[in-house]
Amino acid sequence: MRSSTKIDATARKERKPVELPRYDEIALVLQGGGALGSYQAGVFEGLAQSGVEPHRIAGVSIGALNTAIIAGNEPGKRVAALRGFWESICHPLDWFGNLGALALPLFGHQALSRRWASMWAASRALTEGQPGFFAPRLPLPVAGWHKAPPTAVSYYDTAALKATLQRFADFDRINDGPIRVSVGAVNVRSGNLIYFDNAKMRLEPEHFMASGALPPGFPAVEIDGEFYWDGGLVSNTPLTEVLRDADHKDTLVFQVDLWSANGSVPADFLDVAERAKDIQYSSRTRAITNMLADRQKHARFIKELLEHVPPETRRGDPLFRLAERVADGSSINVVHLIYKNKPYEGHYKDYEFSVDTMEEHWASGLEDIRASFAHPDWFAVPSREQGFVTHDIHRRAGEVPESDRDELTTGASGQTETPRVTA
C-alpha cells in the first residue's frame, strides 16, 4: 500500500532561492524522536531548495544521525544522501501488513486501515529491528544471572549503524568541512550531558551513535574509556548549546522538533503512553525558550539602568563595563518547526519505520518549511532591544495558548515575543 502523501516529482522541483537578511550565524537544531526524524529530512530539503545553508548544526539522537548525513556531504548531495539513509533503514510493508490495510476498507474501516499498517510496522521493528540500524540482541543478558559489559546490556544491537553512517556520510568532511557540528550525549557514569563538537575534537561514527543510544533499547557506546547514552535523557533539544556562543551575534535558528507540547487529553492507556512521551520530550524546548526570553528581558533592563549612570563612571568601573557587555546581548530569531501527529499514530510512532510513514513525515517537514518561508517578515533580524523572537507556522497569527495569556512577554517595540510556558 503506497501512501497518497508521498512527495511527487512536482513537489521536489527546484524552488526560487530565499533571500534572507544578513545573519552572523544560521543554525539548524535537530531534536531526537526516532522514526519521526524523517520530518527533519523534509525540512532540510526545503532549506536546500531555498538556498539556505546552515553554518552550524546541533543534534540529539536521530537528530544527530541526520546531522552526520547533512554535514558529511557536499551541498548538492545532502538531500540525496538523506533520502538514501532513510530508505535504507525503513521497511516497506510486508504481505501481512498490506493484507490488513487493503481488507479493512472493504468492511467500512477506512480509518482503521492506516492505523493497522502503522501498528504492524511498529511491531516488526520490535521483533525484527531495522536494516542497517538495529537488530534484536540474541541471547539477551539475563538480569541478575551474570554481568555483561555496558555495550551489551540492551535489547538491540546497533553495530550495523556504524557501517550505515560511513556509507552515507564522509567523516573527513564532517571534521574539515564548513559546518560546525555538535551532538549531545550523556556520560553514563557522571550523568552529565556533554556535546561532542568538531571545533574541539575529531568526530567519528561512535560520537553520533552515542547520541542516539537510548537505553534499554540501545547499548551504551564507549568513547575514550567512558560510556555514553542518548542525550535526550537530559535534554532532547540542543538549542542552548547553539546559543551558548551567540552573545553579540545576530543568529537565525531553524529549530526542528519532533514532539509537540500541545495535545489532547488521553482517553485510554495507549493514549496516555503517547501523550506522556510528547510532554517528556518537548518540555525542555519550552523551558529553554522561556529562559532565553527572560535573559533578553533582563539584558534590556540592565541597558535601561545603565543609561542613568554617567559615562565617566561606566568607563572607570570594570563592573559597569561587564554590565554593558551583558546588556549588549544578541539578536536571536527562532523559526520553530514542530511535527504534528497524524491521526493514525500511537505511542509507537517513534519506532514505526515503514516507508509509507517515512514519506508522510518527510512531506510534512517539506510543507512546513515552505509555509514558513511564505512569511518573509518572520526572517527580519530582531533589534537588540527586542532581542529574542520565535515564529511557528502551526500557531495562527496572534494566537496564544489560553494557559499562557497571563504570562505573555512583549519587547520594547511592543511586538509580541515568546509566550511564557511553565515547563
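Is Leu-233 buried, partly exposed or exposed? In this predicted model, local features need pLDDT of at least 70 and side-chain atom pairs count only at pLDDT 80 or more, whereas totals for chains, interfaces and linings use all residues. Residues are numbered from 1 along each chain as its sequence is written, and side-chain values use heavy atoms, with hydrogens and water left out.

Leu-233 is partly exposed, with a relative accessible area of 42%; buried denotes under 20% relative accessible area, exposed over 50%, and partly exposed the range in between (1.4 Å probe, protein chains only). Leu-233 lies in the loop between strand E8 (226–230) and helix H9 (239–243). Helices (H or I, at least four residues) and strands (E, at least two) are DSSP runs, numbered from the N terminus. Together with Leu-214 and Val-234, Leu-233 forms a nonpolar surface patch with about 210 Å² of accessible area. Such patches comprise residues with over 30% relative accessible area and no salt bridge, nonpolar side chains (Val, Leu, Ile, Met, Phe, Trp, Tyr) being joined within 5 Å and like charges within 9 Å. A salt bridge places a side-chain nitrogen of Lys or Arg within 4 Å of a carboxyl oxygen of Asp or Glu. Accessible areas come from the Shrake-Rupley method with a 1.4 Å probe; for residues, only the protein chains shown count as cover.

Helix H2 (residues 62–71) is largely enclosed by the rest of the structure, because 10 of its 10 residues are buried. Among them are Ile-62, Asn-66 and Ala-71. Across the protein chain, buried residues make up 51% of the 423 residues, and the secondary structure comprises 13 helices and 13 strands.
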